[in-house]
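Colleague: I am new to this structure and would like to learn how to read a few of its features. Could we go through them one at a time?

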Amino acid sequence: MLRIDWVDAQTSGGPGWVDADDMQQWAYDKCVIVTTIGFVLHEGENFISLTDAIQHDGSAGGSVHTIPKEMIRTVHELGIIMETEDDDNPTA
């Protein structure tokens with residue numbers, strides 16, 4: 001389980017033509033820092049992939065977030081927080 005703080009790329013404007021003054025204004029907008037917390041699915045040489053949810057048996061999960069390492073500012077290890085058995089719900 002990791003918490004990753006990373007710089008997000010951004011897009012401004014819509015599907016049509018954009019006024020040159022608006023383009024210049026958006027060109028100076030700063031990128032934002034984003035925090036993603038999740039279960040590590042894969043860590044490669046160039047990226048880390050996390051999911052925000054996973055079933056206890058590992059058969060399915062939620063959204064996958066793949067973050068290029070060049071965009072990562074900090075990584076905080078949160079440890080293992082998921083148990084493999086569910087004692088409170090034996091039918092799960």
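Colleague: Is Asp57 buried or exposed?

Modeller: Buried means under 20% relative accessible area and exposed over 50%, with partly exposed in between (1.4 Å probe, protein chains only). Asp57 is exposed because its relative accessible area is 60%, and Asp57 sits in the loop between β3 and β4 (64-68), where strands are DSSP runs (E, at least two residues) numbered from the N terminus. This is a predicted model, in which local features need pLDDT of at least 70 and side-chain atom pairs count only at pLDDT 80 or more, while totals for chains, interfaces and linings use all residues. Residues are numbered from 1 along each chain as its sequence is written, and side-chain values use heavy atoms, leaving out hydrogens and water.

Colleague: Which side chain does that of Asp57 join in a polar contact?

Modeller: A polar contact is a pair of N or O atoms within 3.5 Å; within protein, one must be able to donate a hydrogen and the other to accept it, and residues adjacent in sequence count only if both atoms are side-chain atoms. The side chain of Asp57 is joined to that of Ser59 at 2.7 Å.

Colleague: Why does Asp5 count as buried?

Modeller: Asp5 counts as buried because its relative accessibility is 10%. Asp5 belongs to strand β1, and its side chain makes polar contacts with the side chain of Arg3 at 3.2 Å and with that of Thr35 at 2.6 Å.

Note on methods
Helix = DSSP H or I, 4+ residues; strand = E, 2+ residues; numbered from the N terminus.
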